[in-house]
Amino acid sequence: MQQFTVTGMSCAACSARVEKAVSQVSGVESCSVSLLTNSMGVEGEADVQEIIKAVKNAGYGAEVKGSVSTAVKNGAGTDSEDPLADRETPVLKKRLFWSLGFLIVLMYVSMGHTMWKAPLPTFFEGNPVAVALVQLLLSAVVIVINQKFFINGVKGVLHKSPNMDTLVALGSGASLIYSIYSLFAMTEAQTNGEMEKALHHLHDLYFESAAMILVLITVGKMLEAHSKGKTTSALKGLMKLAPKTATVIRNSEEINIPVEQVRVDDIFAVRPGESIPVDGVVIEGESAVNEAALTGESIPVDKTIGDPVSVATINQSGYIRCRATRVGEDTTLSQIIKMVSDAAATKAPIAKIADKVSGVFVPIVISIAVITLAVWLMVGESVGYSLARAISVLVISCPCALGLATPVAIMVGNGMGAKNGVLFKNAAALEETGKAQIVVLDKTGTITEGAPKVTDLFPTEGIAEEELTVLAYAIEKKSEHPLAKAILQYAEEKRITADEVTDFKVLPGNGLKAKLQEKTVSGGNLKFIKTQAKVPEEMEKAARNLAKQGKTPLFFSMEGKLIGIIAVADVVKEDSAKAVKELQKMGIRVVMLTGDNVRTAKAIGAQVGVDEVIAGVLPDGKEKVVAELCQKGRTIMVGDGINDAPALTRADIGVAIGAGSDIAIDAADIVLMKSSLSDIPAAIRLSRRTLKGIHQNLFWAFFYNVICIPLAAGVFIPLGIMISPMFGAAAMSLSSFCVVTNALRLNWFDMYNSEKDKKIKPLDEPIEITGESDDEKEKENEAMKKTMRIEGMMCGHCEARVKKTLEAIAEVESAEVSHKNGTAIVSLKVAIADEVLKNAVEAQDYTVIAIE
C-alpha cells in the first residue's frame with residue numbers, strides 16, 4: 001500500500017471527494033482516505049504523480065508520506081520527522097488567541113453597548129454609524145485571521161465539491177454582507193437626520209455573528225484536533241520506544257553509534273537496564289528481558305544463547321551480546337508500527353454509510369438553507385430574521401461528525417490492540433472480529449505449546465523419581481533429538497545434575513546407549529529396551545495407556561535392569577482452557593482442527609473443552625473444512641504454521657500466533673504477539689466495544705443533524721424554541737468534539753475483563769463437518785484411511801524411511817508421516833490388511849503400537 005499525506009481537507013465531504021478523484025486514476029485498485037490522520041492509502045500500480053495530480057485537481061494537496069520507520073529511527077523527536085505530530089492544534093491555538101482578543105472588544109461594542117448600555121467614548125454618543133464602522137473593522141480583522149475558512153470554502157465551490165468550510169464561509173459571509181447593507185442604510189438615515197431610523201438599523205447588524213461563528217468553529221476545530229491527536233497516542237508511544245543509539249563491537253572495542261548505522265550481522269552489547277536497539281539473537285550471556293513494550297506481557301522472559309531478542313525490549317538483569325538479524329524498517333517494532341499505520345489508512349465497511357451521506361451532505365444543507373430563507377420571506381418575516389434562520393442552518397450542520405464517527409474509533413481500537421500485543425492489519429478486521437460465530441483452533445503451537453515437555457514419571461519399584469531423572473538427564477544430554485530437549489529442560493528446572501557419560505552411541509530408530517560410572521545405561525523405545533532389560537507387564541500396560549493419551553513413553557535401563565519410564569508430550573498452554581470457556585460464554589462455537597490422529601486430538605480437545613474435534617486433516621483439507629464452516633457462520637481461524645496459511649486465508653478472519661511462521665503471519669488479518677489464546681476473546685471483546693462506539697458515534701452524528709437542522713430552520717418556533725446563528729455555531733463545534741471524545745473512552749476499556757461479555761445468538765444448527773471426528777464417517781472410511789502409531793522414529797530421516805516403505809506398497813496411495821507425533825496417516829487405493837502395513841514398517845526396525 002502506497003501512503004500519502006493529504007492537505008486541505010476539513011470534513012467528510014472533502015475526504016469523499018479525494019477518494020472519488022483518486023479512484024478514477026488508471027491503475028488504482030482501491031483508495032481509502034482518512035480524515036482523522038489526513039492520510040490516504042492507495043492499492044494498485046498507478047503512477048504516484050498521477051495520483052498527486054488527481055488530488056490537486058480535486059482542490060487539495062498531496063505528497064508521498066514519509067516512512068513511519070524513519071521516524072522510529074530518528075526518534076520522532078521533531079515535527080518534521082514525526083508523521084503523527086499534532087501540527088494543527090498549535091496553529092489553531094494561535095488563531096483562537098488573536099480572534100478572541102478582537103471578538104471580546106467587538107462583543108463589548110455591539111452587545112454590551114446596545115443591550116446593556118455599557119459605556120463608550122463620547123465620540124460614539126449619538127453616532128450609530130461610528131459604532132457600526134468599529135464593528136465592521138473588528139469583524140473584518142477576525143475574518144482575516146480566519147481566512148482559511150473562506151479560501152477553502154471558495155476552492156470547494158470552484159471544484160464543485162462544497163465542504164464544511166463552504167457552509168461556514170456562507171454563514172459568516174451572509175451575516176457580513178447583510179450587516180454592510182444595513183450599515184449603508186444606517187448611514188443614509190443618519191445623513192438625512194433620521195436618527196430613530198438609524199438607531200433601528202443598528203439592531204439589524206450581524207457583525208458580531210459573522211465573527212462569533214468563525215471563533216466558535218475555531219474553538220471546536222481546536223478541541224477536535226487536540227482530541228484527534230490523542231487517538232494516535234498508542235502509535236506515538238510505539239515510535240518513542242526505539243533507542244537512539246546502540247553499543248556495537250568494532251575491533252574488539254565497544255563503541256556507541258546511532259541506531260540507524262547498525263547493520264545486519266553486527267555484534268552489539270546490551271547492559272542491564274538498557275533497551276535492545278535492533279532485532280537479534282543472543283550469542284553470549286544470559287538475562288531476563290522485559291518484552292511488555294511489544295507483547296503487553298509484564299513478566300520478563302529468560303534469554304540465553306540462541307534465543308531471539310527484539311528491538312525496544314528492556315534487558316533487566318545480565319550483560320548480553322547479540323548478533324543483529326533485522327535492522328531499520330525490518331525490525332519487529334517497525335513492522336508493528338507499519339501494520340497499525342496501514343490499518344489506520346484503511347476503512348471499515350460500516351464507514352461506507354457515512355461516506356455516502358457525506359458526499360451529498362453539503363449541497364443538501366445549502367439547499368435547505370435557501371428554502372428556509374425563501375419560506376420565511378414568503379410568510380412575511382423581515383430579511384434580517386429570515387437570513388438569521390438560513391445562516392443558523394448553514395452553521396449548525398456538521399458533516400465532520402459523520403466523517404469522524406468511524407475512523408476515530410478504529411484508530412483508538414487499533415492503538416488499544418497494539419498496546420496489548422493484538423495487531424489488526426486493517427479496519428475491516430477490527431470491525432468483523434466481534435461478529436464471529438465460530439472459532440477454529442489449530443492444535444500444535446496454538447492450543448498446545450508446540451514443544452514437547454515431560455508429563456509423567458514412572459520409576460520401577462525401589463527407584464526414586466530423582467534417580468530416574470538423573471539417569472535420563474545423563475544419557476540425553478548428548479542427544480539432539482527434540483524429545484531429549486524436553487528431558488533436559490525438566491532436569492534443569494529441578495536443578496538436577498549428572499556426571500558425564502562415555503562411549504555414547506545413537507542407535508537410529510531405537511535409542512541411546514552409553515557408560516555412566518562404568519555402568520551400561522540405555523534409553524529409547526520399548527522394542528529397543530526389551531533387548532537391554534526385562535520389562536514388566538505392568539510397565540508395558542502403562543506405556544500403552546500413555547500412548548492412548550497422545551504421549552510418547554521413553555524407557556531407561558541400567559546394567560540390564562529397567563529403571564523407569566518418562567512420558568513426553570506437547571502440553572496444553574496454561575490459558576487455553578480458560579480462553580475456550582470465555583469464547584463459549586460469548587456464544588461462540590469452538591472447533592479444534594488438526595492433522596494429528598483422532599485419539600490424541602480428542603484427548604487434547606477434552607482437556608480444553610472445545611465443542612468439536614476434527615482430526616486427521618491435511619493442509620489442503622484444513623482449507624476445505626474452514627470453507628465449509630464459513631458457510632455455517634462467520635468464522636475465525638487461528639493457527640501458527642505454514643500448513644495453516646491456506647486456512648487462514650480462506651477464513652472470514654485469519655489470526656496468526658506471533659511466534660508462528662512468517663507465512664502464517666502474512667496470511668492472517670490479526671497477529672497475536674504474545675502467542676496466548678486469551679488474546680482471541682480479548683480481540684473479539686475489543687472489536688465489539690469498538691463497533692459499539694462506532695454505532696454510538698454514527699447515531700449521534702445522524703441524530704444531531706436530523707434534529708438540529710430543522711431546529712435552526714425554525715420548525716420548532718411555534719413551540720417557542722428558536723436558535724440563533726451563534727448558538728448554532730457553538731452546537732456544531734461541540735458535535736465533532738463529542739464524537740472524538742466518545743471514541744477516546746475506549747482507552748479505559750479492559751479488553752481482558754470477561755465479566756460483561758454478552759452472549760450472541762447461537763448457531764441454529766449443529767456443526768457437522770466430515771472428518772475423522774465424525775464417528776460414522778470414520779467407520780465408513782476405515783478401510784480407505786488408516787492411522788498408524790509408530791515407536792522408534794527419531795528424526796526426519798526416519799520419517800522419510802517409513803514414508804518410502806509404506807508408499808512402496810501397491811495398495812497405498814500416500815502416507816503422511818510425523819516423527820514428532822509418532823504417526824503415519826495412510827491413504828489407501830483399496831482395502832488392505834493391517835498386518836501388511838505393520839510387517840512392512842517393523843521390517844525397518846520400528847515398532848507399530850496400533851493401527852486405527
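Trainee: What is the order of the strands in the open sheet of six strands?

Mentor: Strands of a sheet pair through backbone hydrogen bonds, either parallel or antiparallel. In this predicted model, the open sheet of six strands has the order S6-S5-S7-S13-S8-S11, with antiparallel pairing. Strands here are DSSP runs of E with at least two residues, and helices are runs of H or I with at least four, both numbered from the N terminus; two strands pair if DSSP finds at least two bridges between them. The model is predicted, so local features need pLDDT of at least 70 and side-chain atom pairs count only at pLDDT 80 or more, while totals for chains, interfaces and linings use all residues. Residues are numbered from 1 along each chain as its sequence is written, and side-chain values use heavy atoms, with hydrogens and water left out.

Trainee: How many bridges join S7 to S13, and how many pair S8 with S13?

Mentor: S7 (residues 267-270) is joined to S13 by four bridges, in the antiparallel sense. S8 (residues 279-284) and S13 (residues 320-326) are also antiparallel, over five bridges. Arg 321 of S13 is the bridge partner of Ala 269 and also stands opposite Glu 284.

Trainee: At what angle do helices H14 and H28 pack?

Mentor: Two packed helices are described by the angle between their axes and the distance between the axes. H14 (residues 383-396) and H28 (residues 679-713) pack at about 165°, with axes 7 Å apart; axes are lines fitted to C-alpha atoms over the stretch in contact, and angles run from 0 to 180 degrees between N-to-C directions. H14 is therefore roughly antiparallel to H28, a term for angles over 145 degrees. The contact (heavy atoms within 4.5 Å) involves residues including Arg 389 and Val 393 of H14 and Tyr 704 and Ile 709 of H28.

Trainee: Is Thr 469 buried or exposed?

Mentor: Thr 469, found in helix H19 (residues 465-476), is buried, with a relative accessible area of 2%. Buried means under 20% relative accessible area, exposed over 50% and partly exposed in between, with a 1.4 Å probe and protein chains only. Leaving aside neighbours within four places in sequence, Thr 469 is in contact with Leu 457, Tyr 490, Ala 491 and Ile 496. A polar atom of its side chain lies 2.8 Å from the backbone oxygen of Glu 465.

How values were computed. A polar contact is a pair of N or O atoms within 3.5 Å; within protein, one must be able to donate a hydrogen and the other to accept it, and residues adjacent in sequence count only if both atoms are side-chain atoms. Angles under 35 degrees count as roughly parallel, over 145 as roughly antiparallel, 65 to 115 as roughly perpendicular and the rest as oblique.
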